[in-house]
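Dear colleague,

Please find the structure below, followed by an account of what was found in it.

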Amino acid sequence: MTPIRITSGRHPFEVVVLIAALVVATILILTNTRPPAVDAAMPGPVRLVWVILLAVSGVVGLLGVFWRGAIQTSLSIEAIAVLVLGTAAAMYTVGVVAFAGIDGAAAGGFVAAVGAGSWWRLTQIWGDLRRFDQAVKAQIIGEVTTLIGQRTNHE
Amino acid sequence: MNSNWTHIITSMLSIIGAGGGLGAATAAALRWRKTKADTADVLTDTALTLIEPLRVRIQELDREMLRVRYEARETATELRRLRTAILNPSATLDSLRELVMNSGRDRSPS
């Protein structure tokens, strides 16, 4: 029986970006500051939403990635975080590009990459969950192994 | 770039992010509950699978016990009848022999 391959969220890039989102959001909230690009590109309430999205993505993402329960629960929690993180990164990219133009190419490019990576990861999670559900429905779950990371989930 | 446009784009993105996040959270909560329910189902099925052979065995033993009890009662009745016949003052060897032969025949099979 072919094991179903699930791609783990415990990839160094993803974990570090989620930690960065949490740390940055904490600093912004505690010091009550915002990047100039955010102030320039977003109306008042949206700035608040942006910070909240950033904080939520960090907390929920780390919770989901290091969830010790069922793999499908872990993935669905992680999906919340990467969806939200992708949106927050896209908003910041718009801000950086609008604020700095071509001078913000480096910063905007990296932030856009984080957003694109998050949404890529989101589609990957959706695919994994769909294949997992199909396998459960067909009752062919023998063993679920993760492609990245050491977690092996027996169902 | 016109700041109005960036305001509109970031506002739309924030709505997508917040709404999508809430939707994904709902989906995750539903999936978590479903997973727990499925796990309970699997445990129940496993327990029933383990119990089934024991149930069959208990039924077998029940039947066996009823049969043995019936046989014991029959044997006791038989014993009493034979003892009565032997202790009868008018018993003869021939009548006893006939009694024993008949008693072996009319035992009902169980």
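Among contacts in chain A between residues at least 6 apart in sequence, 73% join residues at least 24 apart; two residues are in contact if their C-beta atoms, placed from the backbone, lie within 7 Å. Please note that this is a predicted model, in which local features need pLDDT of at least 70, side-chain atom pairs count only at pLDDT 80 or more, and totals for chains, interfaces and linings use all residues. Residues are numbered from 1 along each chain as its sequence is written, while chains are lettered from A and ligands numbered from 1 in the order in which they are written.

Chain A has 5 helices and 3 strands (DSSP runs, numbered from the N terminus: H or I of at least four residues for helices, E of at least two for strands). From the N terminus, their order is β-α-α-α-α-α-β-β. Of the 155 residues in chain A, 42% are buried (20 or more other C-beta atoms within 10 Å of the residue's own, with C-beta atoms placed from the backbone).

Helix α5 of chain A covers residues 105–138. Its 34 residues should span 50 Å at 1.5 Å a residue, and the end C-alpha atoms of α5(A) are 49 Å apart, which agrees (the expected span is 1.5 Å times one less than the number of residues). Among the buried residues of α5(A) are G108(A), V111(A), R121(A), D128(A) and F132(A). The buried residues of this helix pack against β1 (4–6), α1 (12–31) and α4 of chain A.

The axes of α4(A) (residues 71–100) and α5(A) come within 8 Å and cross at roughly 155° (axes are lines fitted to C-alpha atoms, for helices over the stretch in contact, and angles run from 0 to 180 degrees between N-to-C directions). The two helices are therefore roughly antiparallel, a term for angles over 145 degrees. By class, their contact has 19 nonpolar, 7 polar and 3 charged residues (Ala, Val, Leu, Ile, Met, Phe, Trp, Tyr, Cys and Pro count as nonpolar, Asp, Glu, Lys and Arg as charged, and the others, Gly among them, as polar).

Between the chains, 25 residues of chain A are in contact with 21 residues of chain B. The largest share of the side of chain A that touches chain B, 15 residues, comes from α4(A). By class, that side has 20 nonpolar, 5 polar and no charged residues.

In chain B, T6(B) lies in helix α1 (residues 3–87). T6(B) is buried, with 21 other C-beta atoms within 10 Å.

With kind regards

Conventions
Angles under 35 degrees count as roughly parallel, over 145 as roughly antiparallel, 65 to 115 as roughly perpendicular and the rest as oblique. A residue is buried if 20 or more other C-beta atoms lie within 10 Å of its own, exposed if 12 or fewer, and partly exposed in between; C-beta atoms are placed from the backbone.
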